Amino acid sequence: MAAKLTAGARVANVGTGHGAALLLLAQAYPASRFVGYDTHPPSVETARKRAAEAGLADRMRFEVADATGYPADGYDLICYFDALHDLGDPVSAAAHARHALASGGTLMLVEPLAFDDLAANLANNLFAAPRRPRSTWCWRRAHRTAIRGAGSGLR
Ligand SMILES: C[S@@+](CC[C@H](N)C(=O)[O-])C[C@H]1O[C@@H](n2cnc3c(N)ncnc32)[C@H](O)[C@@H]1O
C-alpha cells in the first residue's frame, strides 16, 4: 500500500471526524488524493478548516455522507480509524466499501484495543478511559440507525 500511496492513490476515510488521521496521511503522501466522509456536519466543517490551514485543500476534501452512501468512486484505499464500532450497520458499511474500492483496492480497519469480556475491558486502561463518552455518545448514535447499533456490539 505504501508504494501505491507514494505513486499516487485515491483514498477515502469513513467516519473521518475532524480528519486528523487523514491529514497525517495527506502530509506523508503528497502524490495521493484524499476524501473524508462523516455524518456529523460540524466535524466535517472542522476537518475542512484544518485541511485549508495545513495547505492541503487542493488534494483533500471532506464531505457529509453516511458510511453506506458515499460515492463508489473506485478508491485504492478505504480506511476506518476508530469508527467501524460506531456504525449502526457495520455489515452494510463493509459491503458498500467493497463496492466502492477499485479492483485490487484495500480496506484498512484500525480499532482501539478491546477484549471480548467486560472484566478484561474494565481492567484495560485504554478501554476504561473513553468508556463514558463511548457509552453516552457513540452507542446512542449507532443505536438510532436502522439495525439498532450492531456496530456497538463490536466493543
Ligand atoms: C470515534 S469517532 C472517530 C473519528 C476519527 N476517525 C478519529 O479517529 O479521530 C467516530 C466517527 O464516526 C462518525 N460516524 C458515526 N456513524 C457514522 C456513519 N453511519 N457514517 C459515517 N460516519 C459515521 C462519527 O460522526 C464520528 O466522527
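**Exercise 1.** Check the length of helix α3 against what its residue count predicts.

*Solution.* Helices here are DSSP runs of H or I with at least four residues, strands are runs of E with at least two, and both are numbered from the N terminus. The expected span is 1.5 Å times one less than the number of residues. For the 13 residues of α3 (residues 41-53) that gives 18 Å, and the end C-alpha atoms do sit 18 Å apart, so the two agree.

A word on the ground rules: residues are numbered from 1 along each chain as its sequence is written. The model is predicted, so local features need pLDDT of at least 70, side-chain atom pairs count only at pLDDT 80 or more, and totals for chains, interfaces and linings use all residues.

**Exercise 2.** Sort out the buried and exposed sides of α3.

*Solution.* Count other C-beta atoms (placed from the backbone) within 10 Å of a residue's own: 20 or more means buried, 12 or fewer exposed, in between partly exposed. V44, A47 and A51 come out buried. The face turned away carries exposed P42, A52 and E53.

**Exercise 3.** Do the sorting again for α2.

*Solution.* Buried here are L22, L23 and A26.
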